[in-house]
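Hello,

Here is the structure I said I would pass on. My notes follow it.

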Amino acid sequence: MHRLTRVFLVLMLAFSALIPFNIASAQESDDLRFVVVTHGQASDPFWSVVQRGAEQAANDMGVTVEYQAPTTFDMVAMSQLIDAAVASNPDGIVVSIPDASALSPAIQGALDAGIPVISINSGYETSQELGLMLHVGQTEFEAGFGGGQRMAEEGVTNAICLIHEAGNAGLEDRCRGFTEGLAESGGTVEQLVVDLNNPTEAQQRVEAALAANAEIDGIMALGPTGAAPALMAIEAAGVSDSVSLATFDLSPEVLQGIQDGTVLFAIDQQQYLQGYLPISLLTLYQRNGNELAEDIIQTGPGFVDASNVDQVVDLIEGGTR
Amino acid sequence: MPTSATAPATVPKQDDRLKPSSSLRRALLRPEVGATVGALALWVYFVVVAGDSGFLSMRGTASYLEVSAELGILAIAVSLLMIGGEFDLSIGSIIGASGMMVTILSVEYGYNIWFAIVIAFLVSLVIGFINGVIVRWSRLPSFIITLATLFIIRGLTIAFTRMITNRTTLGGLEDVEGYESAKSLFGSNIPVMGVDFPVSIVWWIVLTLIATWVLMRTSFGNWIFGVGGNEQAARNTGVPVHRVKISLFMLTAAAAWLVSVIQVINSTGADVLRGTQQEFFAIIATVIGGTLLSGGYGSAIGAAIGALIFGMVRQGIVYAGVDADWFQVFLGGMVLLAVLINQFVRKRAMGGR
């Protein structure tokens, strides 16, 4: 027993010293393998749709996809996951870039290793700076602009842009786009900042704004967390008939509101595409050398309104919207 | 003479109690042995499952060593504190606070980054000191005291950051004064066979050696084992219990500071959520490394190896081609396996005596 243990330990050591570090990745295979690294945690319903899109694309294309994300919103851990993905030498990497400074070095490492990279969801500017193949996502300004145009079509002329997170650059871009989109047909927009963590106060703020300006006939909430108190404020002020509410992003409350007719429309960034498209495009790139001329595919703004809400609700249950 | 040369192989039968224990057996009694065997087994496992997909490459090795190094720096300090019989759950939030302090002071207020790093160090020490003083003064378990400070520090970090910058993430550190020299100490890379190994690995190894030396060779090390094993007995033999424990809390805070500086230098910025859950990962690494939760027994090398195991699992599943959904299952399984092997080896080694 004694001797055996000793022999075992010695063998282990010899083993670890002898195995050369460069036998790796000599694997010859036709199977394409892609790694998706995002900041979306497993429990986030938004990101599970992205993951489903990527997996469906892998099925359809006959390739392998691995989905990685840190267990918490941890950019250091995420950049280390990208490092590992690069070292595993895949045929392509798909990343989201919520923090340019923390993730750029790791992504640059992928490019240096000659791995094609497509960014999704957030980080279009960084994607351009690094010279990535493509960005697949919704740019905030354009989404806001589309929302503004759509509201103008519905006859809104004086709107409130409801910001639920002061200082969030993405939300400010949405608001700017919305303002310009509405301004195209002569509408005006005023901004209102509310506190995300205090829905009661937010509701009262909106009520006060509605009372202060009777001309207001539209509210654009920048997310479901802003839409819920806005909806209550409209009802409490008794102006449901004259004030239209729209919002960014989908939530059960928002969909219910659209079905009930209290919410006009929701802007949908169709994140399923952010999972599906990069995998199919990387496959085409590797198998056929195809590359798009664009550097961005806009997956939004898509609109969910009374005309398609029932279909969307069904699809959400299937996990693809 | 030919006869004496073969003598050690045929030691005459003698009283069991006088039998000198073999150096292997003595080695097997060390707390870190189980973890070492576990780490080797895990390494072999990944070599078999994922050796051809990059785990064995230099780049793959660098990637898991980097994860291990950052956790290891924390785990070494945590192992000393746990041997001393206390917990510190606030270190994760100190990473966030300290990193944000460095970034705000240098990016937002234009101070030299070295000044910012020193201020963050002093503040971290003060936090550690306060943790220690409250624990000693209240006589409450450190688990609950530092759980409270975890939330307080994280909350203060978010509140102050928002108040000062209106944001929750802050970048631009690469342009501040002194960044290059700070990078050479905390964030440079050492090329080995054409692959960059981050300097944090050196910090990890050096701190492991220092901590081990302190534990094994100094009277302060004896005091740590003493206050963790039996506080009353330690006090009776003249160990300054308060001072030892408070300085251990300051040590874990300082380790959190070091990790935060390495992270902000590498990522050229900070966000308020940095370090979330690191306190638990550090405790996991320490326990895998053979340190007892009850205090009085453990080792710093073990904690470093525990961190190595964590890093291999974290990065290894990428090479093994497993989806992130399974990471936590994998991690839990590996922790369980490592602890069981640990237990088995220790019992086996003790059993013969």
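Two residues are in contact, or touch, if their C-beta atoms, placed from the backbone, lie within 7 Å. By that rule Leu74(B), leaving out residues up to four places away in sequence, touches Ile91(B), Ala255(B), Ala256(B), Val259(B), Gln278(B) and Ala282(B).

The model is predicted: local features need pLDDT of at least 70 and side-chain atom pairs count only at pLDDT 80 or more, while totals for chains, interfaces and linings use all residues. Residues are numbered from 1 along each chain as its sequence is written, and chains are lettered from A and ligands numbered from 1 in the order in which they are written.

Chain A has 12 helices and 12 strands (DSSP runs numbered from the N terminus: H or I of at least four residues for helices, E of at least two for strands). Of its 321 residues, 50% are buried (20 or more other C-beta atoms within 10 Å of the residue's own).

A nonpolar core is a set of buried Ala, Val, Leu, Ile, Met, Phe, Trp, Tyr and Cys residues joined through C-beta atoms within 7 Å. The largest holds 151 residues, and Ile82(A), Leu74(B) and Ile309(B) touch the most other members. Helix α12 of chain B (residues 241-267) gives the most to this core, 17 residues. A second, separate core has 43 residues, among them Ala202(A) and Ile216(A).

Between the chains, 37 residues of chain B are in contact with 35 residues of chain A. On the chain B side, α4(B) gives the most, with 7 residues.

Regards

How values were computed: A residue is buried if 20 or more other C-beta atoms lie within 10 Å of its own, exposed if 12 or fewer, and partly exposed in between; C-beta atoms are placed from the backbone.
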